[in-house]
Amino acid sequence: MTIKRELDSSEALRLLAGVSLGRVVFTRHALPQIRPVNHVVDGGDIVIRTHEGAALTSHTGQADGSGVVVAYEADLIDPDTHLGWSVVVTGYAHLVTDPGELARYRAMLRPWVEQTMDYAVRIRPDLVTGVLLTAADA
């Protein structure tokens, strides 16, 4: 039997910082889009690298001051036992425009794909939720 425990936001962000792969969810032409990306957690914000032709780059670059609403999900669940955790962050995404910050994120976050990734997107969490799935006898 599996027990599901809700995580508080600080524990959820700590777990999120311990993995490098997640999924960013945003809308494009009023339809949901999901992209697998690698990330870093920096000061409680999630940062991903993007490229010039990416829909998220264009979307965040055209956004007003409040940014673009996105969700970010990452998890670490064992495929055999089905135990682990899942975290979802909902917040506003902004294109990083400060040259110093952009250079810092380029050094911190190496894209997994062989493609020029000259842009970075910062997600500022408004809502952080997560669940921990443990064995009942643990």
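Predicted model: local features only at pLDDT ≥ 70, side-chain atom pairs only at ≥ 80, totals over all residues.
Student: What makes β3 and β4 a pair?

Tutor: Strand β3 (residues 31-42) and β4 are joined in the antiparallel sense by 4 bridges, and the definition asks for at least two, so they pair. One of the bridges links Val41 to Ile46 of β4. The two strands form a hairpin with 2 residues between them, and Gly43 in the turn has a positive phi of about 60°.

Student: Which bridges show that β4 pairs with β7?

Tutor: There are 5 bridges, again antiparallel, between β4 and β7 (residues 119-135); Ile48 stands opposite Val121 in β7, and Ile46 has Ile123 of β7 as its bridge partner.

Student: Why is β4 called largely enclosed?

Tutor: A residue is buried under 20% relative accessible area, exposed over 50% and partly exposed in between, for a 1.4 Å probe and protein chains only. In β4 (residues 45-50), 6 of the 6 residues are buried, so the strand is largely enclosed by the rest of the structure. Both faces are covered, with Asp45, Val47 and Arg49 buried on one side and Ile46, Ile48 and Thr50 on the other.

Student: Why is Thr97 called exposed?

Tutor: Its relative accessible area is 64%, which is set against the cut-off of over 50%, so the term applies. Thr97 lies in the loop between β6 (84-95) and α3 (99-108).

Student: What makes the lining of the largest pocket what it is?

Tutor: On a 1 Å grid over the protein atoms alone, a pocket is an open set of points with protein on both sides within 12 Å along at least five of seven lines, and lining residues have an atom within 4 Å of a point. By that rule 19 residues line the largest pocket, with Arg35, Pro36, Val37, Arg49 and Met117 nearest its centre. β3 gives the most to this lining, with 4 residues.

Definitions and conventions. Residues numbered from 1 in each chain as written. Heavy atoms only, no water. 1 Å grid on protein atoms, 1.4 Å probe; cavity = no way out; pocket = protein on both sides within 12 Å on 5 of 7 lines; lining within 4 Å.
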